[in-house]
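Please open the structure in your viewer and keep the selection tool at hand.

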Amino acid sequence: MPHKIHDHFSKHSLAYLLELFGTAEVSYEVYQNLQVDVMFQPTVSAQELQPLGLLGRLVTRQALLEHFWNPPRKTDIRDCQLKLFLVQKVCYNEARSKKQRLSEEQLPRLWLLATSASPALLQSCGATTTPAYGDGVYFLAAVELTAIVVLNQLPRTPETLWLRLLGRGDTRAQALNDLRALPRNHPYRTHLLKLFRDYRKQLEAKHKLTQTEQELIMQLSPAYYEWEKETIEKGRQEGRQEGRQEGRQEGQQEERRVFLRSLLKTRFGKLDQRLSKIINPLLELSPDQTMHWLLQSSREELLAKFGKPGNSS
């Protein structure tokens, strides 16, 4: 179940970013029971892919993209290459039927997007970096048309943001902060925040959470809250325009209450009577102040600050 949640998020995030520039197919079936996470065929020039930064440079021609939440093994790499070779075979057959010839530059490439990878694995593949792509992008032998992008080795730059969002731990935390810092009118920002919100809700729906999953939910909470805050503000504007502001505000307050209950439960394991009493004082704060207190304070600090009447200021 956890793997499926991570898998769903990575596939649909990639597809959302790529479908603006070509055809992106999620869980593309290469052969019986053999699927590629995302198959992409660009319909624009390399120059038009520049808004995607490094991701755009990876997909200037047909590309197979495979994401690994856990470090890939040698067998994983071979399995992915088998899919690549099958797709290339189809390309050769189609060209032959049209009496055409394919150059190496016309063949699809395989990109393995790994949250991390061991030096031993990279060495066993003969994978090396190139100045043209920089740190974190390792190419196998040229004839294999395969590369491994190690997400936790990518530099923290705007060009790598869309790929770093697929990382884990500190890599993703930094990328989330960078995403939230983008201008609100950025074309990808709102939808990606929504995908992170859905990602968090799917994790939270599990009956039993591991420590790692609890930490991940906390990591995703600022993005969740950012999306909620902006949605509320948009609702307020629409409410004023339509003369229904009061009703909208009541609904928004209730949404914040549900969110705070959920976050407190995730943070401290259960929501007892003492913690329940601090929800109303927290609701009186701004969204940013609320998140600061919830993410930076211990249970005892929260109870000391908000557990007594008049202590919300």
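**The chain as a whole**

Among contacts in the chain (heavy atoms within 4.5 Å) between residues at least 6 apart in sequence, 60% join residues at least 24 apart. The model is a predicted one, in which local features need pLDDT of at least 70 and side-chain atom pairs count only at pLDDT 80 or more, while totals for chains, interfaces and linings use all residues. Residues are numbered from 1 along each chain as its sequence is written, and side-chain values use heavy atoms, with hydrogens and water left out.

Next, show the surface. The accessible surface of the chain is about 16600 Å², and 48% of that belongs to carbon and sulfur atoms; such areas come from the Shrake-Rupley method with a 1.4 Å probe, and for residues only the protein chains shown count as cover. Of the 313 residues in the chain, 46% are buried, where buried means under 20% relative accessible area, exposed over 50%, and partly exposed in between (1.4 Å probe, protein chains only).

**Aromatic pairs**

The whole structure contains five aromatic pairs. Rings of Phe, Tyr and Trp (its six-membered ring) pair if their centres lie within 6.5 Å; planes under 30 degrees apart count as stacked, over 60 as edge-to-face and the rest as tilted.

Select Tyr16 and Tyr188. Their ring centres are 6.3 Å apart and their planes stand at 90°, so this pair is edge-to-face. Tyr16 belongs to helix α1 (residues 2–18) and Tyr188 to the loop between α6 (170–181) and α7 (189–204), so the pair ties together parts that are 172 residues apart in sequence. Tyr16 counts as buried at 13% relative accessibility, and Tyr188 does so at 5%.

Move on to Trp111 and Phe139, an edge-to-face pair with 5.8 Å centre to centre and 75° between the planes. Trp111 lies in strand β4 (residues 109–114) and Phe139 in strand β5 (residues 137–139), so parts 28 residues apart in sequence are tied together. Both Trp111 and Phe139 are buried.

**A charge over a ring**

Select Arg57 and Tyr133. Arg57 lies over the face of Tyr133, at 4.3 Å from the ring centre. A charge sits over a ring if NZ of Lys or CZ of Arg is within 6 Å of the ring centre and within 35 degrees of the ring normal.

Notes:
Helix = DSSP H or I, 4+ residues; strand = E, 2+ residues; numbered from the N terminus.
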